[in-house]
Amino acid sequence: MKYEPVIGLEIHAQLRTRTKIFCGCSTAYGAAPNTHVCPVCLGMPGALPVLNRQAVDYAIRAATALGCEVQPVSVFARKNYFYPDLPKGYQISQYEQPLALGGGLDVVGGDTPHVGLTRIHMEEDAGKSLHEGFVDSSRRTYVDYNRGGVPLIEIVTEPDMRSGAGAAAFFSQLRDILVWLDVNDGNMEEGSLRCDANVSVRPVGQQRFGTKAEVKNVNSFRYVQKAIEYEIDRQIELLENGGTVVQETRLWDSATGRTMSMRSKEEAHDYRYFPEPDLPPLVVSDERVAAVRATMPELPEARRRRFVASYGLPDYDAGVLTQSVGLADYFEQVAATAGNVKAASNWVMGEVLRTLNDRGNTIEDVPLAPDALAGLIGLVDKGTISSSTAKDVFARMYDSGRSADDIVATDGLAQIGDESALLSIVRQVLESHGDAVAQYRAGKTATFGFLVGQVMKASKGKGNPKLINGILRRELDGAA
Amino acid sequence: MLDSSARTIRDDIAAGNVSAVDVCRTFLERIDAVNPSLNAFNLVAADRALARAAEIDRQRAHGVSAGPLMGVPVAVKDNLCVRGMRTTASSRILERFVPPYDATAVERIEAAGAVIVGKTSCDEFAMGSSNENSAYGPVCNPWALDRAPGGSSGGSAAAVAARCAPLALGSDTGGSIRQPAAFCGVVGLKPTYGRVSRYGLLAFASSLDQIGPICGTVSDAALALGVLAGPDPADATSSPRPVPDFTAALTGDITGLRIGVPRAFVAEGVDDRVRSAFDEALDTLRRAGARLVDIELPHAKYAIPVYYLVATAEASSNLARYDGVRYGHRTADDGRLELQDMYRRTRDEGFGAEVKRRIMLGTYVLSAGYYDAFYLKAQQVRTLLRQDYDAVFEKTDVVAMPTTPTPPFRLGEKTDDPLQMYLADVFTVSANLVGLPAISVPCGFATETDGAAPQRLPVGLQLTGRLFDEATLLNAADAYERLTDWHVQRPG
Ligand SMILES: [Zn+2]
């Protein structure tokens, strides 16, 4: 029998607020344990939560960008369970009335062209249990509450994906958008973006869904794909051998490349959700949604289409230039100042990206202001320097922070545009390469390129190539 | 001085007739004298109080303007956090807990010049109506030491009745300020939900809890409410409404005031002596110019079950934080105890029987499969009750009821029968479910002659007002107080 996998994802994304969702503590990652804590996020007696408005705006931003309907009224609820990293014995989340409903994402590449979203809700992150790394770790667990209370959105998809690769493609594109929107830093290693996958299989043609397993802890694109593929194979094999899939939570172990049962449906928590009495319902007006929308960066897909339409860039170039808000902004500023879109695009996609990669830098670190790069492009356009010299100038600008004009003038890199000066260089070259001249005249015209190279070399790369070509051709052909 | 109101003490200190230190010392001596027989205090903070009082005297000497509670000794219920002062909620689980922060209510009274003399006993986590559910022993009623002072703010009410302080803070979730105030013959005010910040109040039921004053006179209640009330950025449920001048509202004039009386609701199960005190109080109000209006509260009879569903549900969640992980009691642990066993033992050792009963009830109420039938249904009835009161307040200004169906009962009399105990709140829980402000004022005595010596047992009149209309409520209570002398009578 042929089986069809059915996959839905639940993605937790930390919002990039400076302070936690219900108190004023810092959200900065990497501080000494239990230094970003207060009575509220430690669940001390009598402490009360107060909602961070910025977190709500970030959540609205993500919801709007993903086409969700932001609900005029949403309600925080308590999710009750005991665990040492959960200070209050409940997590403040949203349950029956989430912040946003619906929405979806068109996925470029992958095998699922569109993934629908069920909902986006807001909640607080838990602390972190440290089971290892202490001398008494065999007997004790330590808890760091710095992460407790960091704002999260949980994005729940429809069961629209059909393969591990499709799920990974969606997750990757969702990450790019969240990072593009500046609501999440996209850092899966530090846990600021996390993914759980709901996986089931059913015979092809069957409408009803199969029994699903929830796979936790798949925190990279590669693991999303591998864990889902493993789980699909496991379930199909189980069914083909006459077994049944049980509803359970399974944990992905990247070391062994397998999923392992964590708890069954019977062992599942009864979270006893009820509306959080310490927080009034969250009311979001249309005006607030509009205000958030107004501050939102143009989405990557829209920007890509605009680059093609208004700059006449090829699809590929537009795609590369809209990898990040920073890169796209940089390109547009260079193009506007230089007045030469194609050159701006070539420079940004070529030398700029290559140098950034070589140095391990990002566009935010680039030491060349867009104006400076535009100045360099202007020198090439005016014929002051050749494009090969320009690359050298670019490298010097990158390292020194000096302007192109300054480098060209001080280092004497301007092209030799004077015909008589070039003519004497050409004649010297022809004189010292009599054999090559003879070969050329004998019909071996490929030698011409060699002679151009020799002239360039003799001019220390400063000769204007167009002029050199003309003079050389005239000297060789005219004397024949 | 012990019989003086908070207002008089404040004025005397401000005028230089007496020093804050002398006032403080006088009340501390009184506490020393009577607390051994009452057990009203979990902690007496004598040194801190005297230092505070000395500071206030110094400020006065330097001409620093006086706060509205300048030098007034205040007893604080032990479920309110005072920075650096042990705060136990009368529970073993917080036996040694010292909060590093103040409750907003505490911060405000101290900023107004109050001198905190100590922490008063209560039912554990404010769960109870007799103050017998304290890990540190029951409190005795100053009027009859073998009787309950009421609860859960029993220590605060007993302390004020016994003149250990002119003013105390309590908290009221289902009657926990008003019922002990009635039992101890003092005034107790539960403000509108949201009027006073709950920050730093150890939560029992978050949608019902409200902090308020217990004191000797309605005028002192108005004074204290003025200090406590107002929005607090640390409590998202505190109301942004402006706070009126409650003292200015006390005109003594209630001509034309419409007082609703739910005759059918108060007909059943009310002690005859309570009923006659209540009828007499209504008569007094009528003679003062108020109009009595018969009203119906058709859903009030469901208030007790609704209350015990909502309150226990919220409590089961609110008390989950007492898990032995970060603070408070943790069971003896050699490092080999499994996590679940650590939780189980810690909470078994730390919580008393009534708290455990309510956690179990509340957990059940919220459980999958029961939520709709219990929690959701209770919230629906709560809405109906709110509609009852909306209708009533269209034709009345305040509602009058006895505060409690009986005079104070004997210690131990109801401890074996939680349902009987829960019925002690029958007239008080509605105000919490709807969020309304309500006050209990002394309205007479029931004479008990079945013991060796006859006992005079206080009876309370409860008035309930519109949301955020404490001004009208306090004016009605004050007008009644001016016409009677129940509130000036004190136990021996
Ligand atoms: Zn905090």
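This is a predicted model: local features need pLDDT of at least 70, side-chain atom pairs count only at pLDDT 80 or more; totals for chains, interfaces and linings use all residues.
1. A crossing of two helices is called left-handed if the near helix is turned anticlockwise from the far one by less than a right angle, and right-handed if it is turned clockwise. By this convention, the crossing of H9(B) and H12(B) is left-handed.

2. On the side of H9(B), the contact is made by Ala303(B), Val306(B), Leu309(B), Val310(B) and Ala313(B). H12(B) contributes Phe374(B), Tyr375(B), Ala378(B), Val381(B), Arg382(B) and Leu385(B). By class, the residues of this contact divide into 10 nonpolar, no polar and one charged.

3. The next point concerns the domains of chain B. The domain assignment gives domain 1 as 6-228 and domain 2 as 259-306 + 372-488. The C-alpha centres of these two domains of chain B are 23 Å apart. Their contact takes 39 residues from domain 1 of chain B and 38 residues from domain 2 of chain B.

4. Which elements give two or more residues to the side of domain 1 of chain B that touches domain 2 of chain B? They are helix H6 (178-184), strand E5 (187-190) and helix H7 (218-228) of chain B. H6(B) supplies the largest share of this side, six residues. The residues of this side of domain 1 of chain B divide into 18 nonpolar, 14 polar and seven charged.

5. Chain B also holds an open sheet of 11 strands, with mixed pairing, in the order E1-E3-E2-E4-E6-E5-E10-E11-E9-E7-E8. Strand E1 (41-44) and strand E8 (291-294) of chain B stand at its edges; each has a single partner strand, so one side of each is left without a neighbour in the sheet. On average, neighbouring strands of this sheet are turned by 30° against each other, direction ignored.

6. One pair within chain B may be followed in detail. Strand E10 (residues 438-448) and strand E11 (residues 455-465) of chain B pair in the antiparallel sense over 10 bridges. Glu448(B) has Gln455(B) as its bridge partner in E11(B).

7. In chain A, three strands form an open sheet in the order E5-E4-E16, and the pairing is antiparallel. Strand E5 (90-94) and strand E16 (274-275) of chain A are the edge strands; because each has a single partner strand, one side of each is left without a neighbour in the sheet. Strand E4 (residues 76-80) of chain A runs antiparallel to E5(A) and is joined to E5(A) by five bridges. Arg78(A) stands opposite Ile92(A) in E5(A).

8. How many residues does each chain give to the contact of chain A with chain B? Chain A gives 27 residues and chain B gives 33 residues. The residues on the side of chain A that touches chain B divide into 16 nonpolar, four polar and seven charged.

9. Two backbone features deserve a check. Most residues other than glycine have a negative phi, and most peptide bonds are trans. Asn34(A), however, is not a glycine and has a positive phi of about 55°; Asn34(A) lies in the loop between strand E1 (3-14) and helix H1 (53-65) of chain A. In chain B, a cis peptide bond joins Gly151(B) and Ser152(B), with omega of about 10°. Ser152(B) is found in the loop between strand E3 (115-120) and helix H5 (154-161) of chain B.

Note on methods: Residues are numbered from 1 along each chain as its sequence is written. Chains are lettered from A and ligands numbered from 1 in the order in which they are written. Domain bounds come from an automatic or database domain assignment. Two residues are in contact if their C-beta atoms, placed from the backbone, lie within 7 Å. Helices (H or I, at least four residues) and strands (E, at least two) are DSSP runs, numbered from the N terminus. Ala, Val, Leu, Ile, Met, Phe, Trp, Tyr, Cys and Pro count as nonpolar, Asp, Glu, Lys and Arg as charged, and the others, Gly among them, as polar. Two strands pair if DSSP finds at least two bridges between them. Axes are lines fitted to C-alpha atoms, for helices over the stretch in contact, and angles run from 0 to 180 degrees between N-to-C directions.
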